[in-house]
Amino acid sequence: MSGTILDQIIEHKRTEVADRKQRRSATELLAAGFPSTPTPFTGALKNAISRGGSAVIAEVKKASPSRGVIRADFDPVEIARSYFAGGASALSVLTDERFFQGQDDYLQAVKATVPLPVLRKDFMIDEYQIIESRALGADCVLLIVAALDAGTLGDFYRCARQLDLDVLIEVHDRDELEIALTLNAPMIGINNRNLKTFETRLETTWDLLDAVPAGTLVVTESGIHTPDNVTAMRERGVHAFLVGEAFMRAGDPGTALRNLFG
């Protein structure tokens, strides 16, 4: 396989999704029914911010393409409990198997363990995955603008909302942000990591803030490692954070969360 890591992931994901459809169709997923009504994800973040704090989406992630295995002693249930005790507002669970060593079972186990809303962190390239996310018990899905054309992004967004799922729309630059904003979504994620070079710059978030409409919740993703990073974001009006690696490398992720956000 060639191209960027995102290209490689999408190429593999097409094969994976086709296989999943063969094993259990969307019609069968819909006929089986869904778990109870999703927990409001965006609302949980806004509630935390309204109380004067930071809204932290704490990530449950075993590995990544750039870092390899991040946490060898990986127990998603214990990690989720630690995050809950540490004050997380929501959780993000990696379910991609090939590149992040995730599993659907991890999301279901986490959802059954703590009362926090859960984002299914995966690479959505087919509406089937959105239906599947709802069946797994997710409260929110990730849509990456760099992985979708504008029309497909809109279709996926509307599909998710019809299924009562919240959506985190992820952008990396101003062009992607302009596409995302056409949906008038209440929540935008700005990933500080360049998917081509894997360079991380907090300035990526700062440079886009002037183009984000007032009232839109901005979630900054990647590169948050120190209290000074948090302060720099909050001084610029960014109060929602998605953090994974900094916690996953700590002995106790929840303690690391408390130490980072105070």
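Apart from its neighbours within four places in sequence, I224 is in contact (heavy atoms within 4.5 Å) with L202, N229, V230, M233, F241, V243, A246, L260 and F261. The model is predicted: local features need pLDDT of at least 70, side-chain atom pairs count only at pLDDT 80 or more, and totals for chains, interfaces and linings use all residues. Residues are numbered from 1 along each chain as its sequence is written, and side-chain values use heavy atoms, without hydrogens and water.

The largest nonpolar core has 88 residues. Such a core is a set of buried Ala, Val, Leu, Ile, Met, Phe, Trp, Tyr and Cys residues joined through side-chain atoms within 4.5 Å. L45, Y83, L91, I169, I224, F247 and F261 touch the most other members.

Strand β1 spans residues 55-60. Strands (E, at least two residues) and helices (H or I, at least four) are DSSP runs, numbered from the N terminus. Six of the six residues of β1 are buried, so the strand is largely enclosed by the rest of the structure. Buried means under 20% relative accessible area, exposed over 50%, and partly exposed in between (1.4 Å probe, protein chains only). In a regular strand, side chains alternate between the two faces of the sheet. A55, I57 and E59 point one way from β1, and V56, A58 and V60 the other way.

Strands pair if DSSP finds at least two bridges between them. β1 runs parallel to β10 (residues 240-243), joined by four bridges. A55 stands opposite A240 there. β1 also pairs in the parallel sense with β4 (residues 90-94), over four bridges. Here V60 stands opposite V93.

W206 lies in helix α9 (residues 203-208). With 22% relative accessibility, W206 counts as partly exposed.
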